[in-house]
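Hello,

Here is the structure I promised to pass on to you. Have a look at it first, and then read on for what turned up.

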Amino acid sequence: EDAERISSADVAVVEARRHLLNEWYSWHEQMQEELADERAALGLPADPIAELLEAKTAEVAPGGEEQVIE
Amino acid sequence: MRPILLSGHERALTQIKYNREGDLLFSTAKDQHICAWFAHNGERLGTYHGHQGAIWTVDVDPTTTIIASGSADNTIRLWEVKTGKLLKTWDFPTAVKRVEFNEDGTKLLGVTEKRMGHLGTIVVLDIKVDVNAEQSDEKVMTIVCDESKATVAGWSYLSKYIIAGHEDGSVSQYDGKTGDLYYNIPVHELNQQITDLQWNSDRTYFITASKDKTSKLISAKDLEVMKTYSADTPLNSATITRKKDFVILGGGQAAMDVTTTSARQGKFEARFYHKIFEEEIGRVRGHFGPLNTVAADPTGKGYASGGEDGYVRVHHFDKGYFDFEYEVERERHNKLAAEGR
């Protein structure tokens, strides 16, 4: 009887966690979609940082090639 | 998980920031200089000298070209990361308690202290992420906090909102362009100061820490409190880990009596909670005083804490940390893997 009671409590805990996990990920996915739509509507790149880093790399090594000094 | 101890400060730490790649750490303390460190081995890259007072805050732009700092000497300063060169100084009537770059590094906000004759404000500066550029003197926006001073603030996704945490325990959402106040919501206990505000990677939600011994996970869009983490001590800092769904809280009661056992034995702890389930999952002790600042490595490999004891402790997570999963998390990962995601 005790074992049964414990296992049903465990099942309830696991069930609650599964619910929390799904709820969280569905919220965050929805938020990410909204964000992607807003970025697109504003004509902004999908990743705000990728372009900046590319620009910096190009500045450090013009033409995207390492400069070799002989 | 043996930590690396960084001893470059002689006074209490105030803030730690990782750069975007997670290879560098910037730390500020009450001892008037900023330190930059290599995260993987704790070697010091350099120091930044010039402030004439305690330094409360530091941030680094997303390309790790410049850092900004705010100090009790009533200035915000901009520095070149690589050389330590001071690029610009902005003067204010009071101390600067918090600075933060927006997501592309083109704007910087500063939180100024309230003092006799001066209300607390949030100022915004335009920034050129270029060490050779002339920076503008002009403040493009000033938000005056006439209800309760802001203690911390940051930029949401798209720089759409400025979110502030206040001395009275409330959180505000302002328009990022006009400074108009949309919401002010009491999320922590009344008059229990908000001590920290840190973002997730896409800046759609953030975590607060408060003297009311709790930390909250809040949506930037509508300020909905989604999660609450309860500790047994006043909190000074909170951070969200990447890769794993955890949060790390730092705090502790300042030891009035220096012979207190906890202070002598380095028992001040960083607390790990599961971000989604709100359950505490572990503690890491080591500091000899309260933790003033915690920061998660943006690549998910580790975290760092800065204490009232003047030390920075850098931790690299071990295999056990990455392997740890709740049954339902494993179930979800297996399901995603099966779907080829």
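**What was found**

B:Thr208 has a relative accessibility of 0% and therefore counts as buried (buried is under 20% relative accessible area, exposed over 50%, partly exposed in between, with a 1.4 Å probe and protein chains only). Before I go on, please keep in mind that this is a predicted model, in which local features need pLDDT of at least 70 and side-chain atom pairs count only at pLDDT 80 or more, while totals for chains, interfaces and linings use all residues. Residues are numbered from 1 along each chain as its sequence is written, chains are lettered from A and ligands numbered from 1 in the order in which they are written, and side-chain values use heavy atoms, with hydrogens and water left out.

Back to B:Thr208: this residue sits in strand E19 (residues 205–210) of chain B. Helices (H or I, at least four residues) and strands (E, at least two) are DSSP runs, numbered from the N terminus. The side chain of B:Thr208 makes a polar contact of 2.7 Å with that of B:His188. Such a contact is a pair of N or O atoms within 3.5 Å; within protein, one must be able to donate a hydrogen and the other to accept it, and residues adjacent in sequence count only if both atoms are side-chain atoms.

Next, the cysteines. B:Cys35 is buried because its relative accessibility is 0%, and B:Cys145 is buried too, at 5%. Over all chains, the search finds zero disulfides (pairs of cysteine sulfur atoms within 2.5 Å).

Chain A has two helices and zero strands. Of its 70 residues, 17% count as buried. This chain exposes about 5500 Å², of which carbon and sulfur atoms supply 55% (Shrake-Rupley method with a 1.4 Å probe; for residues, only the protein chains shown count as cover).

Now to the pockets. On a 1 Å grid over the protein atoms alone, a pocket is an open set of points with protein on both sides within 12 Å along at least five of seven lines, a cavity is a set where a 1.4 Å probe fits but cannot get out, and lining residues have an atom within 4 Å of a point. Grid points are joined across faces, edges and corners, and a volume is the space filled by probe spheres set on the points.

The largest pocket has a volume of about 910 Å³. It is lined by 36 residues, and those nearest its centre are B:Arg20, B:Asn200, B:Ser201, B:Arg203 and B:Arg242. Helix H1 (2–41) of chain A is among the elements that supply at least two lining residues, while E2(B) gives the most, with four. By class, this lining has 16 nonpolar, eight polar and 12 charged residues (Ala, Val, Leu, Ile, Met, Phe, Trp, Tyr, Cys and Pro are nonpolar, Asp, Glu, Lys and Arg charged, and the others, Gly among them, polar).

The second largest pocket has a volume of about 670 Å³. Its lining holds 31 residues, with B:Trp56, B:Gln193, B:Thr195, B:Asn236 and B:Asn292 closest to the centre. This lining divides into 10 nonpolar, 13 polar and eight charged residues.

Finally, there is one cavity of 30 Å³ or more in the whole structure. The residues that line the largest cavity include B:Phe268, B:Tyr303 and B:Arg313, and E25(B) gives the most to that lining, with four residues.

Best wishes
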